[in-house]
Amino acid sequence: MKLVSALCVVLSVVYSGLTASPLNAQDTLNFPTLGELVVSDPKFHSLVAEDAKIEVLTGGYEWTEGPVWVPREGGKGVLLFSDIPNNSIFQWEEGRGASLFMKPSGYTGVADYGGEPGSNGLMLDASGRLTMCEHGDRRVSVLTVDGGKQTLVDNYQGKRLNSPNDLVFHSNGDLYFTDPPYGLPNRYEDPLRELDFCGVYRLSKDGELTLLTKEMTRPNGIAFSPDEKTLYVAQSDPEAALWKSFPLKADGTLGESKVLYDATAHAKDGWPGLPDGMAVDKEGNVFATGPGGVYVFSKSGDLLGRISTGERTANCTFGGEDGSVLFLTADMYVCRIQTKTVGMNH
């Protein structure tokens with residue numbers, strides 16, 4: 001089923017019963033701006049223009065995450081994003097602003113479940129269905145055409161997952177995701193925790209779950225290179241704040257990792273944020289949120305520059321009509337910046 005007949009059916013139903021709240025509404029194109037561009041290599045401006053601005057689209061949330069662009073037939077599309085502490089997914093549309101899309105988004109229990117119960121990473125599958133990492137329900141789920149959810153995976157060898165964080169699809173339909181403990185009420189020390197490691201997993205299109213590595217202390221953001229020969233994984237550990245790259249073997253498992261970039265010194269110097277979500281453009285450049293904003297790496301791993309928001313920047317994704325807009329979730333804000341490149345999925 002194509003995107004417009006899957007998720008967009010659900011979107012149209014939700015739109016019919018919602019209005020934007022005054023806190024999050026936007027009915028103007030005169031967006032405020034924040035932050036700055038920090039250049040490490042002149043090649044940076046081949047990707048982001050020197051005068052590009054970081055525009056604030058909407059704000060007033062507790063902790064924004066998981067942005068995903070949803071194109072719409074005959075329209076400009078919408079951006080979905082998580083507000084984890086509020087257990088909600090919101091949607092933003094040009095000229096219309098932000099409104100609630102789903103609540104609850106990641107926890108459906110009845111008892112209090114800590115400070116980060118909601119959905120985190122969001123992604124569309126090949127059929128255009130919204131796929132979610134759910135903290136509180138400790139699963140990866142998919143939103144079906146009739147609006148109900150289906151659990152894709154919630155355990156490894158009979159033990160409940162920690163709290164799935166971020167995800168990416170391989171072109172063959174396999175789903176790769178990370179599982180740190182951030183969604184558990186007491187994180188690492190939570191008595192509800194059943195696994196004694198934080199894994200990176202592959203869920204095959206046939207439903208088989210494979211643990212790919214448990215070498216990373218806090219695996220977080222995850223992305224493929226355009227040729228799908230490399231898997232990038234962020235580690236949001238303040239003692240080892242870095243990104244790793246793994247060669248992808250023919251059977252879908254991972255080879256020996258190497259460090260793409262180590263930002264531990266910046267984290268210890270108090271730069272806001274830690275390695276988190278990321279997006280990759282068609283040329284293989286990596287846009288990775290971390291201490292001090294969004295780091296931009298060339299496909300060979302060289303640091304080209306940084307999109308500094310001044311906020312703890314959690315995630316980013318390419319979107320817009322032609323895929324050249326980079327959307328950022330930065331603490332209480334959702335922002336965007338126009339680029340001179342295009343996301344790999346556009």
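Student: What makes Arg129 partly exposed?

Tutor: Its relative accessible area is 27%. Buried means under 20%, exposed means over 50%, and partly exposed is in between (1.4 Å probe, protein chains only), so Arg129 counts as partly exposed. Before we go on: this is a predicted model, where local features need pLDDT of at least 70, side-chain atom pairs count only at pLDDT 80 or more, and totals for chains, interfaces and linings use all residues. Residues are numbered from 1 along each chain as its sequence is written, and side-chain values use heavy atoms, with hydrogens and water left out.

Student: Why is Asp125 called buried?

Tutor: Asp125 has 13% relative accessibility, so it falls in the buried class.

Student: How do you know that Arg129 and Asp125 form a salt bridge?

Tutor: A salt bridge needs a side-chain nitrogen of Lys or Arg within 4 Å of a carboxyl oxygen of Asp or Glu. For Arg129 and Asp125 the N to O distance is 2.8 Å, so the pair passes.

Student: What about Lys149 and Glu134?

Tutor: Their closest N and O atoms are 3.1 Å apart, and that is a salt bridge too. Lys149 lies in strand β11 and Glu134 in strand β9, so the bridge ties together parts 15 residues apart in sequence. Strands here are DSSP runs of E, at least two residues, numbered from the N terminus.

Student: Why is Glu134 called buried?

Tutor: Glu134 has 0% relative accessibility, so it counts as buried. Lys149, at 28%, is partly exposed.

Key: Helix = DSSP H or I, 4+ residues; strand = E, 2+ residues; numbered from the N terminus.
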